[in-house]
Amino acid sequence: MKKNILFSIIVLLLFISSLAQVQNNKIPFVLRLELVEVNNFPALQSFAYATWQGKWLLVGGRKDGLHRRQPWASFDEEGQNNFMYVVDPVKKQVWKQSLQKLPISIKEQLQSTNMQFYQIENKLILAGGYGYSKTADDHITYPYLTIIKVEEAINAIINGQPLTNVIMQAKDERIAVTGGRLAKIGDTLLLAGGQRFDGMYNPMGPAHGPGFTQNYTNEIRKFIITYKDNAPSIAYYAAIHDSINLHRRDYNLVPQIFPDGENGYTMFSGVFQYNADIPFTNAVDIAGGYYKVNNQFVQKLNHYHCAVLPVFSGKSADMYTIFFGGIAQYYPGTKGEMLESADVPFTKTIGIVTRKKGNFTENYLPIEMPRYSGAAAEFIFTPDVKMYNEGIADLDALQKDSDVLIGYIVGGIKSTAKNIFLSNTGTESNTQKTIMKVYLTVKQ
């Protein structure tokens with residue numbers, strides 16, 4: 001009880017502090033976080049998810065924290081998630097089913113981490129992913145496209161029924177990607193960025209035993225999925241190649257409304273630059289038939305993949321992209337100054353990038369993530385939030401001066417300190433088991 005009271009007081013103080021900050025920066029809303037405990041909630045990071053009638057379907061990812069430096073300990077089999085989960089965040093119920101009885105190729109891919117994923121109505125589309133394969137007796141990036149029927153999978157897990165008939169898979173080497181992002185414009189899917197990594201991770205490089213191969217795609221791969229005899233396949237495939245600007249992974253691909261009203265996505269940051277192990281700080285806009293590099297914007301916060309909340313105001317035509325914690329090269333100091341670390345540490349920063357008339361500005365809130373959390377997490381909207389476009393909340397539809405539950409920050413890595421990579425024994429970080437409710441208040 002004392003812990004809950006203390007947390008409520010801290011949240012109230014941060015709420016008041018945030019109000020002053022966002023008013024100064026002319027950001028028309030305030031954020032508030034609330035931690036929620038759910039019994040038996042799966043602590044996962046770098047997972048895939050789908051939603052159906054308020055329930056979440058969680059697939060893949062890992063149960064441990066930041067990967068270790070030793071090849072034998074990094075991305076080990078023990079840390080793989082070998083269950084599919086259903087979560088009801090309102091009733092605080094959790095169901096699960098083992099992947100053990102699924103066909104081997106499906107089971108192995110669904111145990112992987114950093115799969116690219118996208119939900120189209122009742123289908124969760126999964127592409128690639130990295131992990132240990134008993135079949136290959138090695139770590140691989142999986143060359144599979146897998147489709148899960150979301151409603152049927154949720155019902156099967158809740159009722160203890162087999163999952164075999166609700167999952168279909170096809171092999172395609174063009175899908176062997178991890179750390180990219182999957183999106184959709186019109187009828188076309190976009191597999192943007194990422195890499196193919198085969199072998200055991202080794203920070204000393206591919207020439208040191210055990211060796212590995214690593215190839216960034218440097219591409220936006222465009223395709224349409226067709227179905228025949230209940231099996232998916234890729235059609236109308238094409239790729240846009242740019243070895244400079246598309247050479248990135250583990251980044252945030254966020255749906256956007258562009259200044260001319262067109263729908264698209266922006267690739268924010270990601271890693272690694274060619275000449276140094278530091279993130280990219282520019283952005284890349286992707287629309288229907290083109291991509292455009294924005295070198296005028298320098299993103300200093302929230303460089304790695306983290307939970308992201310996009311909101312748009314049709315009245316002002318302002319696009320807000322809110323990043324929750326994660327890992328970054330820069331972070332604010334105690335006096336508001338911007339500090340830089342070439343180690344690219346974990347941060348607590350909640351950053352906001354505002355797109356106004358085509359120009360980007362970046363701010364941060366005094367509200368911070370609990371501990372060093374947010375990396376490899378996902379933001380999941382509540383089902384009753386009105387959306388301006390798919391994946392983007394309608395800011396104008398939110399009642400003013402009302403504390404609205406807009407969504408949840410789910411999973412991710414929680415670290416005990418900023419920099420743990422060199423000293424990581426497996427205990428310095430873990431996965432976030434507590435769900436975070438995100439409330440948004442629109443000001444007059």
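This is a predicted model: local features need pLDDT of at least 70, side-chain atom pairs count only at pLDDT 80 or more; totals for chains, interfaces and linings use all residues.
How many residues lie between β20 and β21 in their hairpin? Four residues separate β20 from β21. Residues are numbered from 1 along each chain as its sequence is written, and side-chain values use heavy atoms, with hydrogens and water left out.

## The hairpin and its neighbour

Helices (H or I, at least four residues) and strands (E, at least two) are DSSP runs, numbered from the N terminus. Two strands pair if DSSP finds at least two bridges between them. Strand β20 covers residues 283-286 and pairs in the antiparallel sense with strand β21 (residues 291-294) over four bridges. Within this pairing, A283 stands opposite N294. Strand β19 (residues 263-268) also pairs with β20 in the antiparallel sense, again over four bridges, and M267 has V284 as its bridge partner.

Residues are called buried under 20% relative accessible area, exposed over 50% and partly exposed in between (1.4 Å probe, protein chains only). Both faces of β20 are covered: A283 and D285 are buried on one side, and V284 and I286 are buried on the other.

| Strands | Sense | Bridges | Facing residues |
|---|---|---|---|
| β19 and β20 | antiparallel | four bridges | M267 and V284 |
| β30 and β31 | antiparallel | two bridges | M387 and A393 |

Four strands form an open sheet in the order β6-β7-β10-β11, with antiparallel pairing. Its edge strands are β6 (116-120) and β11, each of which pairs on one side only. The twist averages 15 degrees from one strand to the next; for such values, axes are lines fitted to C-alpha atoms, for helices over the stretch in contact, and angles run from 0 to 180 degrees between N-to-C directions.

Helix α3 lies across β6, β7 and β10 and runs at about 70 degrees to β10. In α3 (residues 150-159), the buried residues include V150, A153, I154, A156 and I157. These residues are on the same side of α3 because they cover an arc of only 165 degrees around the axis, the arc being that of the directions from the helix axis to the C-beta atoms. Just after α3, G160 takes a positive phi of about 70 degrees.

D172 is placed in the loop between β11 (167-171) and β12 (181-185). With a relative accessible area of 14%, D172 is buried. Its side chain makes a polar contact with the side chain of R174 at 2.8 Å. A polar contact is a pair of N or O atoms within 3.5 Å; within protein, one must be able to donate a hydrogen and the other to accept it, and residues adjacent in sequence count only if both atoms are side-chain atoms. Leaving aside residues up to four places away in sequence, D172 touches P143, Y144 and I234, where contact means heavy atoms within 4.5 Å.

Another open sheet has six strands in the order β27-β26-β23-β22-β31-β30, with mixed pairing. At its edges stand β27 (359-368) and β30 (387-389); each has a single partner strand, so one side of each is left without a neighbour in the sheet. The twist averages 30 degrees from one strand to the next.

I380 is found in strand β29 (residues 378-381). Its relative accessibility is 1%, so I380 counts as buried. Not counting residues up to four places away in sequence, I380 touches Y49, T51, W56, G407, Y408 and V410. The C-alpha atoms of I380 and N363 are separated by 23 Å, and these residues are 17 residues apart along the chain.
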